[in-house]
Amino acid sequence: MNMNDIFNVKPSQRQVAWQRLEFYGFIHFGINTMTGREWGTGHEDASLFDPKHLDPAKWVAVLKQAGMKAAILTCKHHDGFCLWPSRYTSHSVAQSPWRNGEGDLVREVSEACRREGLKFGVYLSPWDRTEQSYGEGKPYDDYYVNQLTELLTNYGEIACVWLDGANGEGPGGKRQVYDWERYYETIRRLQPPCVISVCGPDIRWVGNEAGHTRPEEWSVVPKALQDAEKTAEKSQQADDPSFARSLNSMEEDLGSREAIARYGGEWVWYPAEVNTSIRPGWFYHEAEDALVRGERELFDIYVNAVGGNATFLLNVPPNRDGVIAEPDCAALAGLGRRIAELNDTRLMRGAAYAASSTAHEAGPVQCLADGDPSRGWRPSDGDREPWVRASFADPVAFNAVVLQEQILQGQRVEAFELWAAGEDGVNAEAGDGEGTGHDWRLIGEGTVIGYKKIVQVPLTTARQVQVIFKRFRGYPTLATIRLSMINRE
């Protein structure tokens with residue numbers, strides 16, 4: 001593909017809808033919670049599963065307060081214990097004392113999400129250490145698809161199926177070769193708007209579980225990455241909590257012009273997801289109560305992930321009683337307050353917008369006032385250094401600038417600068433729009449924008465803020481420019 005083809009690669013509607021959620025939760029809960037393990041061995045005694053104070057409505061309330069817009073439940077982990085009464089195995093909540101064997105945690109969590117306006121997703125481990133057909137090819141795939149079908153037909157809208165490549169040994173050392181295409185066909189047929197994440201074609205794993213993000217995160221990447229996580233080598237291979245805080249030496253540059261020159265194959269829209277846990281492990285362990293990530297650390301990950309053209313999946317594991325522990329609740333409440341402050345739009349009230357030019361077929365630059373990512377501005381053809389400016393009647397104090405491309409037109413911006421003028425109420429002389437007036441000063445710069453870029457800048461007071469696009473593919477677009485004040489305490 002040449003450069004023109006690459007900058008015209010665009011997302012599907014399901015990818016756009018999922019990325020707009022920005023921040024969502026993972027709930028690791030099951031038989032491992034009761035045994036204190038990260039990876040169960042299979043065939044655990046179902047009578048161990050009996051959480052005394054489980055209330056999914058409280059889980060969802062904690063996630064919503066933190067600013068999350070969806071929740072993904074570990075409906076079945078590698079141990080094979082199902083949190084719903086599956087017809088295809090006896091190793092499930094139906095054999096436990098919880099709810100007198102009449103419980104269905106998938107239903108309870110999905111309904112709690114629906115009541116609170118959160119999207120609901122499922123995790124169904126492809127590796128099952130209890131199921132005897134694992135490693136036998138089609139018989140196991142039939143079993144897996146049957147359980148996948150139960151989850152996709154009995155619980156309303158499923159917004160995400162989150163798949164990993166865990167692929168350990170089964171009975172007699174057998175290892176299953178997963179029929180991924182059959183799994184995908186089942187999901188697409190039963191839940192067409194649903195995204196398939198990580199071992200799937202819609203959302204890409206960022207490459208580590210430590211919360212690390214790339215300086216430049218491209219959504220348009222080599223198609224080969226859609227197969228990269230289908231191998232066990234990229235997934236956790238042992239019951240080792242240190243994996244969650246380690247970094248993978250995955251290629252840092254996936255989409256620059258240099259990467260394009262190195263890779264001659266097909267390119268696809270495949271945005272990144274940053275996933276990590278609030279604790280060292282993914283399941284709850286009492287010994288980790290003092291090791292919960294604090295609100296400031298979580299907020300930094302959020303800013304780097306959501307503000308770095310990725311989504312953020314944060315794991316929050318309830319304890320053996322089915323309760324999210326107090327240290328986790330406190331950190332998440334603080335995180336929610338910081339996110340709300342970041343997303344406050346009051347600083348933009350009364351802003352007026354101008355641009356170097358506007359293409360006839362694009363929305364006027366005033367559409368930036370709507371904050372609607374489905375609308376956007378673009379310059380006219382031939383504008384070699386386009387700019388957009390927001391102006392205010394009174395000086396505005398801020399320390400962050402939030403930018404969004406109109407990604408329905410692809411990801412195009414490669415470099416930009418941020419300029420401010422009118423500091424302390426002094427008007428600028430910037431008639432040329434290039435930041436050359438005597439009162440303009442450079443306050444920040446960056447490379448890619450994508451769905452969202454949060455640029456932290458020195459504390460600035462200004463009447464005007466300007467984005468100058470220095471490098472781009474074809475033409476740049478902008479859906480949002482917003483000033484914000486980040487709490488750095």
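Which residues does Ile481 touch, not counting residues up to four places away in sequence? They are Met348, Tyr353, Leu368, Val401, Val402, Leu403 and Val467; contact means heavy atoms within 4.5 Å. This is a predicted model, where local features need pLDDT of at least 70, side-chain atom pairs count only at pLDDT 80 or more, and totals for chains, interfaces and linings use all residues. Residues are numbered from 1 along each chain as its sequence is written, and side-chain values use heavy atoms, without hydrogens and water.

Ile481 sits in strand S16 (strands are DSSP runs of E, at least two residues, numbered from the N terminus). Ile481 is buried, at 1% relative accessible area; buried means under 20% with a 1.4 Å probe, protein chains only. Ala393 is 88 residues from Ile481 in sequence and 17 Å away in space, C-alpha to C-alpha.

A pocket here is an open set of points on a 1 Å grid over the protein atoms alone, where a 1.4 Å probe fits, with protein on both sides within 12 Å along at least five of seven lines; lining residues have an atom within 4 Å of a point.

The second largest pocket holds about 160 Å³. Its lining includes Glu361, Cys367, Trp377, Gln406 and Tyr475. That lining divides into four nonpolar, five polar and three charged residues.

Note on methods
Grid points are joined across faces, edges and corners, and a volume is the space filled by probe spheres set on the points. Ala, Val, Leu, Ile, Met, Phe, Trp, Tyr, Cys and Pro count as nonpolar, Asp, Glu, Lys and Arg as charged, and the others, Gly among them, as polar. Helices (H or I, at least four residues) and strands (E, at least two) are DSSP runs, numbered from the N terminus. Buried means under 20% relative accessible area, exposed over 50%, partly exposed in between (1.4 Å probe, protein chains only).
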